[in-house]
Amino acid sequence: MQRITANLFGAWFQIGRQFGPDTLDAIASTVSTGEATHRGELRVAIESRLPMSAVASGVTARDRAAMLFAHLRVWDTDDNCGVLLYVLLAEHRIEIIADRGIAKAVAPAEWEAITTHMRDAFAEGRFREGVQIGVADAGALLARHFPADGRPRENQLPDRPLVL
């Protein structure tokens with residue numbers, strides 16, 4: 001019942017207030033800056049709430065993140081090192097889905113530490129900074145495992161967060 005209530009009434013108003021154009025530009029800049037240090041691709045998706053049909057079907061935030069990972073083709077990057085940072089505001093959930101290239105190099109505890117940093121910032125009402133912290137932390141992992149190799153880098157995924 002709590003999931004239904006949260007997705008019916010919660011968070012839809014926060015998208016515009018917490019993630020306006022200036023905030024999305026700042027997050028995109030953080031993604032771009034980080035991607036200059038590694039060969040990975042980072043995509044951010046922020047969703048206010050799940051559709052009731054998804055909640056009724058038992059779709060979890062993790063399921064939704066996996067769907068978006070596939071739909072946005074985060075898996076289809078050079079070196080298989082795409083990462084999706086997914087935020088579901090209504091349920092206060094943060095999910096990170098990493099492609100197989102980076103997933104096999106990074107321990108689950110390292111991804112969990114990123115979500116904890118983000119959650120801490122969100123709890124203080126610092127949504128912009130929370131996402132930027134997550135982007136910077138994920139970028140640091142990518143730089144450690146897939147450092148830039150000096151070749152010109154093609155940006156394979158948009159840097160601007162997707163807001164749903």
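Q: In this predicted model, how do the residues of the lining of the second largest pocket divide into nonpolar, polar and charged?

A: A lining can be read by sorting its residues into classes. In this predicted model, the lining of the second largest pocket divides into 9 nonpolar, 1 polar and 3 charged residues. The pocket has a volume of about 190 Å³, and among the 13 residues that line it, R62, I96, P108, W111 and E112 lie nearest its centre.

Q: Which elements give two or more residues to the lining of the second largest pocket?

A: Two elements do so, strand 3 (93–98) and helix 7 (108–123), and strand 3 provides the largest share of that lining, with 5 residues.

Q: What is the volume of the largest pocket, and which residues are the closest to its centre?

A: The largest pocket has a volume of about 240 Å³; 14 residues line it, and R39, D149, P152, R153 and E154 are the closest to its centre. By class, its lining has 8 charged residues, together with 3 nonpolar and 3 polar ones.

Q: Which residues of helix 3 and helix 8 meet?

A: From helix 3, D22, T23, A26, I27, T30 and V31 meet R128, V131, Q132, V135 and A136 of helix 8; by class, this contact has 6 nonpolar, 3 polar and 2 charged residues.

Definitions and conventions
Residues are numbered from 1 along each chain as its sequence is written. This is a predicted model: local features need pLDDT of at least 70, side-chain atom pairs count only at pLDDT 80 or more; totals for chains, interfaces and linings use all residues. Side-chain values use heavy atoms; hydrogens and water are left out. Contact means heavy atoms within 4.5 Å. Helices (H or I, at least four residues) and strands (E, at least two) are DSSP runs, numbered from the N terminus. Ala, Val, Leu, Ile, Met, Phe, Trp, Tyr, Cys and Pro count as nonpolar, Asp, Glu, Lys and Arg as charged, and the others, Gly among them, as polar. On a 1 Å grid over the protein atoms alone, a cavity is a set of points where a 1.4 Å probe fits but cannot get out, and a pocket is an open set with protein on both sides within 12 Å along at least five of seven lines; lining residues have an atom within 4 Å of a point. Grid points are joined across faces, edges and corners, and a volume is the space filled by probe spheres set on the points.
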